[in-house]
Amino acid sequence: MIRSYIKIAWRSLKTNRLFSIVNILGLSIGLATTLVLFLFILHERSFDSMYANKDKIYRVLLNTTEDDLETWTGSPSAVALELEANIPDIAEAGRLLKHDFGGTAFIKASNEVFTEKKLFWSDASVLDMFDVEIVKGEGSEVLKTPNTVLLSESTAKRYFGNENPIGKTLTIDDVDVVEVRGIFKDFPENSSLDFNVVAPFLMQNAAKNPTWDNASFETFLRFNSASPNVANVEAKIQDILDKNVKKDDQWYNFSLQPLEEIHLYSSTYKDSYIERNGDINQIRNLTALAILILIIACINYMNLITARSQKRATDVGINKTLGASVRDIIVRFYIETGLITAIAMILGGVLAVVALPVFNDIAGKELDISSLFSIEIIIFLVLIWFVTSLISGSYPALYLSRFSPKEVLKPSTNKGGVASVIRKGLVVVQFSASVVLIIGVIVIHQQLEYIQNKSLGYNPENVMAISTSAIRGGQANQALVNAFKKLPNVSVVGRSQGYPGMGVSGRSINKPNTDETMGISTNTSEREVADVLQLKLLAGQLLPKNKQAGDTLVEVVVNKTTVDFLGLSPEEAIGKKVAMQLGNNAYIHGVVEDFNFASLHNPIGAYAFHNSNREPKSYLLIRFTNEVLSETISNFENTFKNIAPNSAFEYTFLDKNLELLYEKEQRTANVGLLFSILAVIVACLGLFGLAAYMAEQRHKEIGIRKVFGASVPRIVQLLSMDFMRLVLISLVISFPLAFYFMNQWLQDFAYRVTISWTVFAIAGALALMITFVTVGYQAVKAAVANPIKSLRTE
Amino acid sequence: MIQITDLEKFYKTEEVQTIALNKLSFNVKEGEFVAIMGPSGCGKSTLLNILGLLDDPDGGSFMFNGTEVAGYNERKRSELRKHNIGFVFQSFNLIDELTVFENVELPLIYTGVKPAERKKQVEAVLEKMQIMHRRNHFPQQLSGGQQQRVAVARAVVNKPKLILADEPTGNLDSTNGNEVMDLLIDLNEAGTTIIMVTHSEHDAKYSHRIIRMLDGQKVTENILA
């Protein structure tokens, strides 16, 4: 019996080409989308699952308790030591510092200088808890002696080619000379930690003098047993904190984050050295989108199959007069759906293979096609096949099976009733979803446009930042400044710790005679930097030109937000002493207008340029008079290499760097666009099919109308209006939904566009236009047909 | 075989109630060939639906082989139907996606006959209907007369005791129509009871008895043989 059903289903597929193509194509697009996303989710969820101690490893998070209430992934350098010593549940603790607090290292190996972005200073215990596999030489224990280093396999190859790297020396930033003592296996692609070079943490100042101040060190803990009592441990950590830091000086507390949450739940945390971060919200949104597209495709199936209920009713009727039971009919429809879904599945698989590189490109991922053939994916496919067949098949199976066999003898003239209402409802659902997506894409696009064109309070165009962290000594640096000043096309040159768009040092500023404090970003820089950035001076002066060696006086140029916090006008602030962890001798020398030194996600905070020598000035900022050409850059490189032969020439343009701040949003926009297009295509396929059958069903009515004088445009209008009305209802439903969702999304930005009515107008017009084009074709075809034909068939 | 007494059927729409069958009574004996005639709307089709257990009467009694079947539920009716009744329709109602052989096979599948046995029975009946050479064709590839012969073959393959024919020659020319009537006569002579609804006086003359209906009631009854 089942064979006979499959036969009927298969032949019916072949005879009803349009129906089959629309259905199968729609379903396969839905399935391909789901498949690619499942791959992506699987990959994201697999992060850090390869570590044997994965259930025992936790990261210490620092939660600021003042003003902004941020969570940082770094903690002070004393934390690991105190916790390991005082909490018996903790087997070991270790600290991790990315070179130069997140910067690039210049490593001289043999006689070549390499730019190294993944140099970490680490305690031996970190390597132990993450069971880093050593393939050559010694292991983590070398990190207990200074001037040693471990390299990853690929890095060793990059530095030394095929020579044996063990025993070779490296010079880091022209300062530290270290010996290669061991080689470890490259970290897998789905590991949060990813080192190229690991040097001993104990070589850092922070290790020599552990403090409770500078929260720049990622601290990992390994517990004796899996799933420790976190609340209990956190309480103990608070006790330790209380013992070491006076209550009044505690501007933070600690919490613990399990390793398995590091990848997906850290996207809002500040300044992590871990760059391979995912985002659970992104995963949730994408899952929702995939399900939405799949549902739209299932709806197509249901709609199309019930739209043909006239023919189906006769079929069901004949089978019933021949002895088929209701159960037989239900089974038959499920089999038919199962067959179509299976074909769609195969096609969807092929589409997924084709689409994967595109998705990788758009989403910035590296998903592997071979993983499509894993056991998880196969189980997932069977599951999806089953669920899709069940959802899509239920409606026809349960609805059509109840047709009375009488239909055979006297086909009913009732064209739909409940079925037609449900069908219309489903079309409305499809289109509402599509319109929400269209609006979403437009708003995201507008917001990104807005961000990129917003006036930032400084001018990021035509500014280059060259990394000089490998150049030691004032003389070499001064020579560099002088050399660049002489180059054509250069207007101003200044040295600085960092530049807008990158993090600098976080401190806190105290309002005199109060307990109030506020976080402040501080940037050691030269006077010229304000000119390079074209900041507007409101009061006082820029930093003084020269500073005597040994001078303990610290001059500070703050932004407007800082003096607002202090409750002073810019003029009043000049000459005032400030308590901002820059010693007891820091005075406000000048005030500049606010500028967006971070991304536009955040409102402008307090910012200060100062001339204390606590942090190194690692960048040379250069403003050009006009656009830079590639020959200018090579000219710069030569100038740089002449003075600093031991450093690699690494540079960025400030405006390019800013674009990176919105990379995530750009990706979201691209992925959103892709999904929206797919959803609209699938919905249109359904509409197209539905319109075809609607025209077929009403061909007699059309014939009669034409005989009695209806014109072609009138008929087209008649057929299209039905669908237009549905789309209009969808608009009414989708507008508030879209407004709500997009408003939520915009809350992430401190600076954002308002959603204008034109967005809705555009989306609405687009939806109506798409509908008209899709339905219009069928309508015109039906309208121009010879009425004699349609009237004769009855 | 069939005894109907005071059979009633109403159709209701929102505003009007139409009486399709108005206290109709008659009997059909086993082996009889009865033709039912009457103008459009006289209740012929409704009657055939009820006799074929496709529809339920609103009143009266319907005894099938001595059992009261009025009020049977769909499952029981379906069971009774598939073992006892074969249908022939004016518009043939073959399934487009199935070949001649497969169409005829379908009732046997529903009654659970084994494949080998099915093949034997289907071939026998196709042979008898002289349509064996068309066994692998699809309905659209056949002439109207051939299609109706397939439909008859499908109706009799289960060896039903009763065949209900709804204007079996209505869509056929006279030559093909006569051929189909000859088939029905043959079946009747072999013992199958036949009830046929028709507009054609010519076809009706093949039967033993003609029942004429008007407005849901029996008007006359002519015994021919």
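Chain A is divided into domain 1 (1-47 + 276-414) and domain 2 (57-258), with bounds that come from an automatic or database domain assignment. The model is predicted: local features need pLDDT of at least 70, side-chain atom pairs count only at pLDDT 80 or more, and totals for chains, interfaces and linings use all residues. Residues are numbered from 1 along each chain as its sequence is written, while chains are lettered from A and ligands numbered from 1 in the order in which they are written.

**Domains of chain A**
- The C-alpha centres of domain 1 and domain 2 of chain A lie 50 Å apart.
- Their contact takes 5 residues from domain 1 and 4 residues from domain 2 of chain A; two residues are in contact if their C-beta atoms, placed from the backbone, lie within 7 Å.
- On the domain 1 side, the touching residues divide into 1 nonpolar, 2 polar and 2 charged (Ala, Val, Leu, Ile, Met, Phe, Trp, Tyr, Cys and Pro count as nonpolar, Asp, Glu, Lys and Arg as charged, and the others, Gly among them, as polar).

**Overall build of chain A**
- Chain A has 26 helices and 24 strands; these are DSSP runs numbered from the N terminus, with helices (H or I) of at least four residues and strands (E) of at least two.
- Its C-alpha atoms fill a box of roughly 105 × 55 × 55 Å, taken along the principal axes.
- Of the 794 residues in chain A, 43% are buried, that is, 20 or more other C-beta atoms, placed from the backbone, lie within 10 Å of the residue's own.

**Nonpolar cores**
- The largest nonpolar core has 109 residues, and V149(A), V198(A) and A608(A) are among those with the most contacts inside it; such a core is a set of buried Ala, Val, Leu, Ile, Met, Phe, Trp, Tyr and Cys residues joined through C-beta atoms within 7 Å.
- Strand β1 (residues 57-64) of chain A gives the most to this core, with 5 residues.
- A second, separate core of 83 residues includes V22(A), V36(A), A433(A) and V716(A).

**A sheet in chain B**
- In chain B, an open sheet of 4 strands runs in the order β2-β1-β4-β5, with antiparallel pairing; two strands pair if DSSP finds at least two bridges between them.
- β2 (17-28) and β5 (67-68) of chain B each have a single partner strand and stand at the edges, so one side of each is left without a neighbour in the sheet.
- Strand β4 (residues 59-64) of chain B pairs with β5(B) in the antiparallel sense over 2 bridges.
- M63(B) has E68(B), in β5(B), as its bridge partner.

Conventions
Buried ≥ 20, exposed ≤ 12 C-beta atoms within 10 Å, placed from the backbone.
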